[in-house]
Amino acid sequence: TRLRTVTGVQTCALPIFAKYSGSGAVQWVRVGHGSPGVAVDRQGDIYFTGNVWTDFGDGPMECGKFTSTGELAWVRTLQGAYGNGVALDARGEPVFVGEFYGTLQLDGHEVHNDNVSHQDTLICKTDVTGNFQWALSGGGPEFDRATAIVCDRSGNCYVAGVIANASGTLGSFPLTVGAGDTDTFLARLFDANSFVPELKIANKQVGLALTWAVEATNYILEAATALPAISWATVTNTPTVTATNRSVQLPLTGNARFFRLRQP
């Protein structure tokens, strides 16, 4: 465990984004991006969200991506919004959370806050190149914000936040607190496009059993005899469907040794 101290940083300065090696050596530093939310994908690319500092204080929300070598791949600036956190879904795509005023146009996805004095919750997702995929807002007549997010491999996004002083909604679900009170909320969102099913393989007496989640309706089961595979062959057996799973039984006499699920 190593602790590094950063000197020369003052309150109301630009945020600093830095990468360290495993031994604690500084590899690169970027100023103006990366606070307070950061997430890293399997390739070492870094997604961030934060707020641009101006002469008047905390400015508009930024969400963007650095390559593993510190190059700025893209950045999106959202006027009237503030970024608080980011997480990567099962496909490695970023979901950002924060708060906003007014109306935001996010590549054809619009969110609107009628209250000119208090912010509403903002949750939005981009692809790996920075194009917005969807956006969701919510809250009541007082201040509301999303402060943290985590995602799992089943397409779920878990969001924590704050709602104050009145009832409101997040999507179609009610958020209710007493008059004059402030409370936290925890919400679960499901994004079907980020759902990555797990393929389970078991050796049964009757043959090889391959099982995956029933929600994975748009996947093709494929097989190969070796890795790396020159080609994958479609398994043509019709799956047996239950309330929770899809499954295929294969004989142990076949040549296939490796299996995968693929979206067409």
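In this predicted model, three strands make up an open sheet in the order E21-E20-E24. Their pairing is antiparallel. Strand E21 spans residues 233–234, and strand E24 spans 258–262. Both stand at the edges of the sheet, each with a single partner strand, so one side of each has no neighbour there. Strand E20, residues 220–224, is joined to E24 by five bridges. Within this pairing, Glu 222 stands opposite Arg 260 in E24.

The largest pocket is lined by 15 residues. Nearest its centre lie Leu 250, Gly 254, Asn 255, Ala 256 and Phe 259. The pocket holds about 260 Å³ of space. Its lining comprises 10 nonpolar residues, four polar residues and one charged residue.

The chain as a whole contains 24 strands and zero helices. Of its 264 residues, 41% are buried. Contacts were also sorted by separation in sequence. Among those between residues at least 6 apart, 48% join residues at least 24 apart.

A run of antiparallel pairings links strands E7, E8, E11 and E12. Strands of a sheet pair through backbone hydrogen bonds, either parallel or antiparallel. Strand E7 covers residues 81–88. Six of its eight residues are buried, so E7 is largely enclosed by the rest of the structure. Seven bridges connect E7 to strand E8, residues 94–100. Ala 81 has Phe 100 in E8 as its bridge partner. The two strands form a hairpin with five residues between them. In this hairpin, Gly 92 takes a positive phi near 80°.

E8 also pairs with E11, through six bridges. Here Phe 96 has Cys 124 in E11 as its bridge partner. Seven of the seven residues of E11 are buried, so this strand too is largely enclosed by the rest of the structure. On to strand E12, residues 132–139, E11 is again joined by six bridges in the antiparallel sense. E11 and E12 form a hairpin with five residues between the strands. Gly 130 in the turn has a positive phi of about 95°.

In soluble globular proteins, nonpolar side chains tend to be buried together. The largest nonpolar core in this model has 17 residues. Those with the most contacts inside it are Leu 78, Ala 81, Phe 96, Leu 104 and Leu 122. Several elements each give two or more residues to this core: strand E5 (57–66), strand E6 (72–78), E7, E8, strand E9 (102–106) and strand E11 (120–126). The largest share, three residues, comes from E7. Leaving aside its neighbours within four places in sequence, Leu 104 is in contact with Gln 79, Ala 81, His 109, Glu 110, Val 111 and Leu 122. A second, separate core has 16 residues. Ile 149, Leu 170, Phe 185 and Ala 187 are among them.

Key:
Residues are numbered from 1 along each chain as its sequence is written. This is a predicted model: local features need pLDDT of at least 70, side-chain atom pairs count only at pLDDT 80 or more; totals for chains, interfaces and linings use all residues. Side-chain values use heavy atoms; hydrogens and water are left out. On a 1 Å grid over the protein atoms alone, a cavity is a set of points where a 1.4 Å probe fits but cannot get out, and a pocket is an open set with protein on both sides within 12 Å along at least five of seven lines; lining residues have an atom within 4 Å of a point. Grid points are joined across faces, edges and corners, and a volume is the space filled by probe spheres set on the points. Ala, Val, Leu, Ile, Met, Phe, Trp, Tyr, Cys and Pro count as nonpolar, Asp, Glu, Lys and Arg as charged, and the others, Gly among them, as polar. Buried means under 20% relative accessible area, exposed over 50%, partly exposed in between (1.4 Å probe, protein chains only). Helices (H or I, at least four residues) and strands (E, at least two) are DSSP runs, numbered from the N terminus. Two strands pair if DSSP finds at least two bridges between them. A nonpolar core is a set of buried Ala, Val, Leu, Ile, Met, Phe, Trp, Tyr and Cys residues joined through side-chain atoms within 4.5 Å. Contact means heavy atoms within 4.5 Å.
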